[in-house]
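Thanks for coming. I'll go through confidence, then the strands, then the disulfides.

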Amino acid sequence: MGSTRAPLFVLVNVLVIRYGKDILVAPVSAKSRSKEAASEAMVYSYEHGSTGYAAKLTDSQAQKVAELQTTRSWDYLDTGVWLESEVFNDEGLGPTPFRWKGGCVSGERFNATTDCNRKLIGARWYIDGFLADNEQPFNTTDNPDYLSPRDAIGHGTHTSTIAGGSSVANSSYLGLGLGVVRGGAPRARIAMYKVCWNVVAGQCASADILKAFDEAIHDGVDVLSVSLGSDIPLFSEVDERDGIAIGSFHAMAKGIPVVCGASNDGPLAQSVQNTAPWIIIDRSFPKPIRLGANMTILGQAMLPGKEIDFTGLVYPETPGRLLQQLACEFLSLINTPVAGNVVLCFTTVGSRSAMASASSAVRAAGGVGVIIARNPSNALAPCSNGFPCIIVDWELGTEILFYIRSTSSPTVKLSPSKTLVGKPVSTKIAYFSSRGPSSIAPASLKPDISAPGVSILAASSPLDPFMDGGFALHSGTSMATPHISGIVALLKALHPSWFPAAIKSALVTTAWRTGPLGEPIFAEGSPRKLADPFDYGGGIVNSNKASEPGLVYDMGTSDYIHYLCAVGYNSSAVSQLVEQPTICPNTKLSILDVNLPSITIPNLKKSTTITSKVTNVGPLNSMYKAIIEPPLGISATVRPDILAFNSTTKTITFTVEVSTTHQVNTGYYFGSLIWMDEVHTVSILC
């Protein structure tokens with residue numbers, strides 16, 4: 001194996017080695033090193049999730065093992081905790097559970113004895129892999145951070161408190177979203193494993209992440225919440241550079257559910273990553289824009305400040321100017337009367353960069369505000385120093401532009417933002433949410449589930465530039481992940497014997513597929529469209545119904561081995577992952593027979609039969625009837641179509657025969673298979 005720039009790291013009976021600028025991973029030979037040399041080269045040893053250790057070798061030693069099979073890599077995780085936040089208060093909580101084996105580790109501005117409590121029962125930090133990877137000391141002056149579990153970026157504080165933060169009354173961001181902030185499981189205990197450091201918006205070393213995973217399994221966590229992303233193209237599940245599948249597999253084998261983010265690369269198809277929850281909008285912050293023509297438009301902004309009374313409104317359209325120079329991110333205001341005025345600009349960029357560039361240019365030229373027209377218009381962030389930045393979509397932006405062009409003295413009045421609560425808000429899948437199908441195994445429906453992830457109010461670090469009064473509003477799949485994690489923690493408490501697959505099934509089969517008023521769910525993009533399972537997975541999470549799903553599509557380690565063999569991985573790679581000798585059968589297995597809570601057939605040409613099984617977790621004597629809503633042009637038959645459970649029959653196998661009338665495959669069509677009794681509706685998408 002040659003040297004690459006991507007760090008690689010440990011899985012099963014392996015050695016992580018430094019080779020040039022990389023970390024290589026290979027099986028360990030007991031005779032390959034002396035004890036003294038091994039001790040000096042050791043970075044980490046792994047015992048609980050996987051076995052092996054991370055170490056540094058010379059180039060010659062690395063070359064000897066570089067030809068051996070390596071394992072996979074991991075990219076990003078979390079950044080620590082800001083322990084002074086009120087959301088970590090332990091009021092009303094009893095002693096730390098006896099079974100907890102974890103603890104806290106001291107460091108810069110973090111005292112393990114005094115800073116942890118009955119809420120924050122674990123706080124560790126890992127930097128040895130990061131230092132080995134960068135081969136130089138970490139400069140916390142140029143990159144402000146703490147050599148401890150303390151959070152500098154704010155990401156770890158924000159995500160952990162979404163999942164399990166204690167209740168804090170009268171919380172808001174700049175006065176917006178005022179109310180009680182609490183995590184999804186507010187009485188849950190929190191343990192933070194800091195593996196990411198404040199370099200290039202968060203850099204996390206492979207060896208550090210695996211060590212954190214290993215120790216979290218040993219400490220006795222009930223749920224692992226990992227807000228983590230990578231890049232397309234993805235590595236296969238048995239490729240040495242896909243560490244998330246490794247850590248998740250070993251946690252699953254120990255009965256620990258792992259909830260991961262799926263990245264923010266939407267709305268492109270096949271951009272989904274990991275087994276992630278997804279994102280919906282859960283609140284609105286409208287800011288009235290009143291034009292001089294007695295016309296009022298509602299934009300979106302995080303600006304509760306004073307009203308800007310009627311003032312001039314301009315658009316920089318000097319004749320001969322390049323269109324690029326009129327875009328918000330490259331705004332040129334030469335020959336435009338900006339001083340004392342509000343400026344309108346357009347952009348195709350959905351990130352904060354366009355807002356930052358436009359506000360900086362307008363402020364420098366003496367302007368008093370900027371209206372940014374863009375699609376999508378639902379990802380909000382304030383401009384620096386409270387400068388008025390208002391977001392509208394292109395349709396409203398064009399309406400404002402036509403008003404400017406229709407009068408010689410256009411004016412505008414900007415009113416403070418308000419928080420709308422109790423008002424119907426359309427349910428949408430956020431523009432940035434990565435979409436399915438899976439680019440690795442399209443027969444496995446991804447994403448799994450959707451959850452709120454836009455403008456989420458939670459605690460943050462004072463070093464977070466968007467923090468106010470201890471709280472911040474952030475958007476991303478990182479914010480959706482802990483919503484699901486909090487619900488999973490509650491389900492784990494209700495059903496401690498459930499395997500992770502049963503919990504996942506309960507979430508997926510009970511999810512909403514319409515908005516709260518029964519209206520359709522839309523997916524942001526170009527153009528906006530009706531959402532489908534590649535946008536929201538099983539649907540929008542419904543925690544109440546998930547607690548009593550009736551039936552579950554359960555799986556154990558053997559089912560996942562079936563999946564690995566069906567995908568086509570060789571026996572050696574599968575054996576290395578599962579840590580036991582495994583031989584895939586010569587007869588090709590079908591991934592369609594993996595007991596997933598969905599049916600996805602990427603290339604249906606002839607009649608296909610899928611075999612699945614459901615386990616009754618409701619009343620002992622239950623009877624369910626199948627209802628098929630077939631996709632367009634697809635015929636589906638379920639046998640048997642009635643399932644009768646009793647004290648001795650708890651799991652029943654059924655088949656679904658699927659055929660098509662389509663002469664050519666032009667895309668995916670969607671339907672559903674529903675098992676219903678008098679109380680439960682157990683629905684999977686197909």
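Predicted model: local features only at pLDDT ≥ 70, side-chain atom pairs only at ≥ 80, totals over all residues.

Across the chain the average pLDDT is 77, and 74% of the residues score at least 70.

Now the strands. E27 belongs to an open sheet of four strands, in the order E27-E28-E32-E30, with antiparallel pairing. The edges are E27, residues 551-552, and E30, residues 634-639, each of which pairs on one side only. Inside that sheet, how many bridges join E28 to E32? There are eight, between residues 608-616 of E28 and residues 651-660 of E32.

Elsewhere, strand E5, residues 120-125, pairs with E8 in the parallel sense, over five bridges. Gly-122 has Ala-191 in E8 as its bridge partner. E8 itself covers residues 190-194, and four of its five residues are buried, so the rest of the structure largely encloses this strand.

On to the disulfides, of which the structure holds three. A disulfide is a covalent bond between the sulfur atoms of two cysteines.

Cys-104 is joined to Cys-116, with an S to S distance of 1.8 Å. This link is left-handed, with -105 degrees about the S-S bond. Cys-104 sits in the loop between helices H2 and H3, and Cys-116 in the loop between H3 and E5, so the bond ties together parts that are twelve residues apart in sequence. Are these two cysteines buried or exposed? Cys-104 is partly exposed, at a relative accessible area of 21%, while Cys-116 is buried, at 15%.

Next, Cys-328 and Cys-345, joined at 2.0 Å from S to S. Here the link is right-handed, with 110 degrees about the S-S bond. Cys-328 is in the loop between helix H8 and strand E17, and Cys-345 is in E17, so the pair ties together parts 17 residues apart in sequence. Both of these cysteines, Cys-328 and Cys-345, are buried.

That leaves Cys-565 and Cys-584, whose sulfur atoms are 2.0 Å apart. The torsion about their S-S bond is about -75 degrees, so this disulfide is left-handed. Cys-565 is in helix H15 and Cys-584 in the loop between helix H16 and E28, 19 residues apart. Cys-565 and Cys-584 are both buried.

Methods: Residues numbered from 1 in each chain as written. Heavy atoms only, no water. Buried < 20%, exposed > 50% of the residue type's maximum accessible area, 1.4 Å probe, protein only. Helix = DSSP H or I, 4+ residues; strand = E, 2+ residues; numbered from the N terminus. Pairing = 2+ DSSP bridges. pLDDT = per-residue confidence, 0-100. Disulfide = S-S within 2.5 Å.
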